[in-house]
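Take a look at the model below.

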Amino acid sequence: SKPVVENLLSKKQVMNRSYDPLRLINTYGAFGVVTEAREEFVISSATHWDGPWKEYEFKAKPGDVNRSPRFLSPYHHRLDWQMWIAAVGRSVERSPWVFSFLIKLLQQDKAVLDGLMTGDPWENSPEPPKYIRIDRYLYRFHRPRRGETQPPYWDREQIDKLYPRLGIATVENLRADERRFF
């Protein structure tokens with residue numbers, strides 16, 4: 001819709017505005033400010049409890065510090081958006097659907113990995129992952145330093161181990177937590 005795109009590209013964006021008498025064409029602005037720093041959940045899994053751990057990449061949300069930020073508008077990738085909302089809440093328990101999602105990742109569900117993620121980090125591995133965890137990171141846009149030839153897009157710093165708090169989870173742990181919080 002032309003008015004929505006014009007508003008999106010404007011230096012003075014208007015949030016929550018309708019552009020027609022029936023209110024069918026409008027902008028949505030739950031968050032009017034985007035900051036340069038954001039907390040993100042990073043999901044990784046391993047075949048053995050001591051690693052190596054492989055991270056899952058989402059289609060749009062920050063992950064790999066060398067991957068450029070995605071510009072998606074006026075719509076969002078729903079899973080990436082939901083993961084960001086969960087990170088804003090700083091809790092997996094407040095977003096209990098995450099347990100089902102983690103089970104699907106450990107089961108290497110093709111519909112989830114191919115449809116919602118950028119792929120399966122275990123695709124060419126002889127063993128499937130058995131353990132999974134979520135760590136919370138703070139991402140900031142990287143400020144290039146003199147002499148950097150290929151600087152990363154992001155700087156990231158681990159804040160804490162989010163789930164499970166005491167280590168790593170298996171499908172059995174996830175199912176038990178799923179029952180507890182649903």
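Axes here are lines fitted to C-alpha atoms, for helices over the stretch in contact, and angles run from 0 to 180 degrees between N-to-C directions. Helices (H or I, at least four residues) and strands (E, at least two) are DSSP runs, numbered from the N terminus. This is a predicted model: local features need pLDDT of at least 70, side-chain atom pairs count only at pLDDT 80 or more, and totals for chains, interfaces and linings use all residues. Residues are numbered from 1 along each chain as its sequence is written, and side-chain values use heavy atoms, with hydrogens and water left out.

Start with one helix pair. Two packed helices are described by the angle between their axes and the distance between the axes. Helix α3 (residues 97-106) packs with helix α5 (residues 171-181) at about 160°. Their axes lie 9 Å apart. The two are therefore roughly antiparallel (under 35 degrees counts as roughly parallel, over 145 as roughly antiparallel, 65 to 115 as roughly perpendicular, the rest as oblique). The crossing of α3 over α5 is left-handed, meaning that the near helix is turned anticlockwise from the far one by less than a right angle; clockwise would be right-handed.

Now the whole chain. Five helices and four strands make up its elements. Their order from the N terminus is α-β-β-α-α-α-β-β-α. The C-alpha trace spans about 55 × 50 × 30 Å along its principal axes.

How confident is the predictor? Its score is pLDDT, given for each residue from 0 to 100. The protein averages 86, and 91% of the residues score at least 70. Confidence is lowest in helix α1 (residues 2-9), with a mean of 78, and highest in strand β2 (residues 54-55), at 97. Where pLDDT is low, the predicted coordinates should not be read in detail.

Next, the loops. Pro52 sits between β1 and β2. A cis peptide bond joins Gly51 to Pro52, with omega about 5°. Pro164 lies in the loop between β4 (154-163) and α5. The bond from Tyr163 to Pro164 is also cis, with omega near -20°. Arg90 is in the loop between α2 (78-89) and α3. Its phi is positive, near 55°, though the residue is not glycine.

A cavity is a set of points, on a 1 Å grid over the protein atoms alone, where a 1.4 Å probe fits but cannot get out; lining residues have an atom within 4 Å of a point. The count is one cavity of 30 Å³ or more. The largest cavity holds about 50 Å³. Its lining includes Phe41, Tyr56 and Lys61. Strand β1 (residues 37-46) gives the most to that lining, with three residues.

Note on methods:
On a 1 Å grid over the protein atoms alone, a cavity is a set of points where a 1.4 Å probe fits but cannot get out, and a pocket is an open set with protein on both sides within 12 Å along at least five of seven lines; lining residues have an atom within 4 Å of a point. Grid points are joined across faces, edges and corners, and a volume is the space filled by probe spheres set on the points. pLDDT is the predictor's confidence in each residue, from 0 to 100.
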